[in-house]
Amino acid sequence: MKAAICNQAADLDSVACAVVYADIIGAKAIVPIPRDDLRLRAEVEFLLEKVGYSKDDILFEDEFEPSQIEELVLVDHNVLPKEFECLNSKVTEIIDHHTDECILPIHKTIARTGSCASLIVKRITELGKTLNANQALMLLGAVLIDTRNLVHGHPTTPEDTEAAQLLVQKAGIEPDALFKELWGIKSDLSKFTPQELLRKDYKEVDQNGIKVGFSTIYASLEALSGNIMAEAEKYRIQKELDHLIIMTADHSTDPIRKELAILPLKQKIIEHLNKNGTDLVPKTQLEGITVYDLRNTAYSRKQVLPIIKEIITRI
């Protein structure tokens, strides 16, 4: 079986890239989360349904055997998580917009765009393939969400703007209306428990035996109901993590506000992040845990996680 696999966070950008690129190259899309957890990504479910793509055509975690995979394309990440490292020899291509950490001698399309979907568009064009309207709509939704509707500057790049223009033509849809619809769905966190919020946009890395989880939540921690920090500590123990990092991004304010908390707190991590330009300043104590203002709002998990991986084995 030939497959395209997205990253563990399985956000809209990642899932859209896997689904569309798998379609284009005649492969199977793999989303490495439990099938039931897709419901936590309501905007992903909504757009899949809107374009008529059945969830039954996606393979989720534990729904395939590594021995079934003959060729594997990584989209929206460039290093397989530990549980899939046995598939390294099967990786034939990477399309990604994160820092390149892959040493495999294979075809790579890696650039620091706002959305990986923009690079999928570039690669499909290179292959001489054509997107249909539904494929274009799926990728357009991803580009708009990851660039906050093509807001000028970080994280939007000229490649994102160019890709969006092509996708708008192919999809035949008004992009502002699509963005508002998707962002409204993504921003509604009212029906989720604290643990579901931690799982909703989650990545995990194992750095030389040290396990770090990273949850992104699109609201301020103080605005969330329930004992979020107590639940976060339970989640950390359940996942057998050495550290759980929580980053928030509150888009209801102008300018955007971001926060960061580390369980358990290691001051050396904060110091190392600040040496790399994050500008973390203590904001408040929430359930006995220090929450930091992340004043350099250009930093997202894409920038913060590699910095943490760099220091984590030395503290």
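Helices here (H or I, at least four residues) and strands (E, at least two) are DSSP runs, numbered from the N terminus. Keep in mind that this is a predicted model: local features need pLDDT of at least 70, side-chain atom pairs count only at pLDDT 80 or more, and totals for chains, interfaces and linings use all residues. Residues are numbered from 1 along each chain as its sequence is written, and side-chain values use heavy atoms, with hydrogens and water left out.

**The whole chain**

- You'll find ten helices and twelve strands in the protein chain.
- The radius of gyration of the protein chain (taken over C-alpha atoms) is 19 Å, close to the 20 Å from the globule rule for 315 residues (2.2 Å times the number of residues to the power 0.38), so the chain is as compact as a globular protein of that length.
- The C-alpha trace spans about 55 × 45 × 35 Å along its principal axes.
- Of the 315 residues, 53% count as buried; buried means under 20% relative accessible area, exposed over 50%, and partly exposed in between (1.4 Å probe, protein chains only).
- Take the contacts (heavy atoms within 4.5 Å) with a separation of 6 or more: 63% of them come from residues 24 or more positions apart.

- Most residues other than glycine have a negative phi, and most peptide bonds are trans.
- A cis peptide bond also runs from Asp-254 to Pro-255, with omega near 5°, and Pro-255 lies in the loop between S9 and S10.
- Arg-148 isn't a glycine, yet it has a positive phi of about 55°; look for Arg-148 in the loop between helix H4 (133-146) and helix H5 (158-171), where it is partly exposed at 23% relative accessibility.
- Glu-287 is not a glycine either, and has a positive phi of about 55°. Glu-287 lies in the loop between S11 and strand S12 (289-294) and is partly exposed, with a relative accessible area of 39%.

**Helix H10**

- H10 (residues 301-311) is mostly covered, with nine of its eleven residues buried.
- Among those buried residues are Val-304, Leu-305, Ile-307, Ile-308 and Ile-311, but also Arg-301 and Lys-302.
- What do the buried residues of H10 pack against? Their partners are strand S7 (202-207), strand S8 (210-217), strand S9 (243-250), strand S10 (257-263) and H9.

**Two buried loop residues**

- Thr-278 is in the loop between helix H9 (267-275) and strand S11 (280-286), and it's buried, with a relative accessible area of 1%.
- The Thr-278 side chain makes a polar contact with the side chain of Asn-274 (3.1 Å); a polar contact is a pair of N or O atoms within 3.5 Å, where, within protein, one must be able to donate a hydrogen and the other to accept it, and residues adjacent in sequence count only if both atoms are side-chain atoms.
- That Thr-278 side chain also reaches the backbone oxygen of Leu-273 at 3.0 Å.
- Arg-41 is in the loop between strand S2 (28-31) and helix H2 (42-50), buried with a relative accessible area of 2%.
- A polar atom of the Arg-41 side chain lies 3.0 Å from the backbone oxygen of Ala-9.
- Arg-41 and Lys-186 are 145 residues apart in sequence, but 7.3 Å apart in space, C-alpha to C-alpha.
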